[in-house]
Amino acid sequence: MRPRIKRGSAGKSKGTAENENRRFEGDNGNFNRHSKDASFRPRRSFRGSAEGNDRPRRSFGDKKPFEGKGRGRRVNPDEGYAIAPKVRKPKGFRPAAKQPSDPDAIRLNKFIANSGVCSRREADEYITAGVVTINGEVITELGVKVHRDDDVRFNGERLKGEKKVYIIMNKPKDFVTTTSDPHAEKNVMDLISKELCPERVFPVGRLDKSTTGVLLFTNDGALTETLTHPSYERKKIYQVVLDKNLKKSDFEKILSGIELEDGFIAADALSYLEEKEDHLGIEIHSGRNRIVRRIFESFGYSVKRLDRVYFAGLTKKDLRRGQWRFLTEREIGILKMGSYE
C-alpha cells in the first residue's frame with residue numbers, strides 16, 4: 001500500500017522544494033511573480049517546445065502539426081493522416097431533382113403484413129427465402145414496392161394486401177344491414193365515412209331494419225367466419241320491449257327451451273328489467289335469423305323494441321345512435337383470441 005505523504009514544508013520532496021524556489025526566485029534570484037519584467041516565467045510543457053520559443057506547444061507524437069495555408073492540408077499526406085482538400089463544385093451546378101415517389105405503391109413487406117400473414121419483420125424473412133412472387137416472378141430482394149393490383153402470392157396463395165380494419169357501430173333504427181340494396185332508403189354502410197375509412201368493410205352478421213345496437217364491421221374474412229359460423233355460438237345480449245307483460249309460465253318455457261320450425265332453441269339467461277314485466281334482457285348464443293323475435297312471437301308477443309347491447313365482448317358504451325369508432329388494439333386482440341365470455 002502506498003504511504004500517504006503530508007503536504008508540509010518539511011515533508012516536501014527535494015524536487016518539489018526546488019520547483020517552489022524556482023517559481024519565486026528565477027534565474028537572477030529576485031523574481032517577482034507579479035512583475036512583467038521577470039526573466040523567468042513558468043511554462044507548461046507537452047514533451048518540449050520549439051527552439052527559441054518558450055510558449056508551450058502540444059505534441060502530436062510522430063505526426064507533424066498543421067502546416068501551410070488552406071483547409072484540409074497536412075504535412076506528408078503519404079503517412080495516411082492527410083485530409084483531402086474540399087472539392088469545389090463547378091459554377092452553375094445544381095443537384096439532380098428527386099424523382100417523385102409513387103403514392104399508390106407500398107413496400108412488399110407491408111403489403112404482406114396487411115394481408116394478415118405475418119409481421120413486417122417476418123415478411124422480410126419470407127421474401128429472402130424465396131416464397132413470395134410478384135406477377136409470377138420470385139422476389140428475394142428487400143425494399144421492393146408493389147401496387148394493389150399486382151399479383152402477389154405467398155406460397156402460391158394470392159394476397160389482397162388490404163389493411164385490416166375493425167369498426168364498432170351503434171346501429172340506429174330503420175337502417176338495413178347490407179352492403180348493397182338498391183331499394184333501401186337507409187343503409188348502415190352510408191354512416192361510415194370514406195375519408196376516415198377508405199378500406200371496404202363488411203358488417204359481421206345482420207341486424208333487422210328495426211333492431212338497434214352493437215354492430216361490427218371488418219374486412220378480416222377469417223375473423224368474420226369465426227364470429228358468424230353457427231358452430232362457434234358467440235354470446236349476444238339483447239334488451240327487449242314487448243307489447244304486453246311476459247307471463248311467468250312463458251318465462252320458464254323460454255329458459256327451458258322451445259321447438260321452432262328450424263329446430264330447438266333455449267335462452268341462456270332471461271330477466272325482467274326495471275321491474276317491468278314487458279321489459280326483458282335475454283342472452284343467447286344462437287346466430288339464427290331473427291331468433292329473438294321468433295322466440296317471443298311463438299308465444300303470441302310482439303316485439304316493440306329490440307336493442308343488442310353486447311356482442312362477442314363488445315358493447316356500445318359512449319356511442320350514440322348512428323355513431324361508430326375504430327376498435328382499440330386491446331379490443332382487436334380480445335376478438336382474435338376469443339378471450340371473452
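Two strands count as paired if DSSP finds at least two bridges between them. Helices (H or I, at least four residues) and strands (E, at least two) are DSSP runs, numbered from the N terminus. What you see here is a predicted model, where local features need pLDDT of at least 70, side-chain atom pairs count only at pLDDT 80 or more, and totals for chains, interfaces and linings use all residues. Residues are numbered from 1 along each chain as its sequence is written, and side-chain values use heavy atoms, with hydrogens and water left out.

**View 1. E2 meets E5.**
Strand E2 (residues 132-134) and strand E5 (residues 152-154) run antiparallel, joined by three bridges. Look for threonine 133: its bridge partner in E5 is arginine 153.

**View 2. The largest nonpolar core.**
A nonpolar core is a set of buried Ala, Val, Leu, Ile, Met, Phe, Trp, Tyr and Cys residues joined through side-chain atoms within 4.5 Å; buried means under 20% relative accessible area, exposed over 50%, partly exposed in between (1.4 Å probe, protein chains only). The largest one here has 35 residues, and Phe217, Val240 and Phe296 are among those with the most contacts inside it. Elements supplying at least two residues each include strand E9 (212-218), strand E10 (236-242), helix H5 (248-256) and helix H6 (291-297). H6 gives the most, with four residues.

**View 3. The largest pocket.**
On a 1 Å grid over the protein atoms alone, a pocket is an open set of points where a 1.4 Å probe fits, with protein on both sides within 12 Å along at least five of seven lines; lining residues have an atom within 4 Å of a point. This one holds about 580 Å³ of space. Of its 30 lining residues, Lys236, Ser286, Gly287, Arg288 and Asn289 are the closest to its centre. Helix H4 (221-228), E10, H6 and E15 each give two or more residues to the lining.

**View 4. The second largest pocket.**
Here there is about 360 Å³ of space. The lining has 13 residues, with Lys163, Lys164, Val165, Tyr166 and Glu329 nearest the centre. Helix H7 (329-337) gives the most, with three residues.

Conventions. Points joined across faces, edges and corners; volume = space filled by probe spheres on them.
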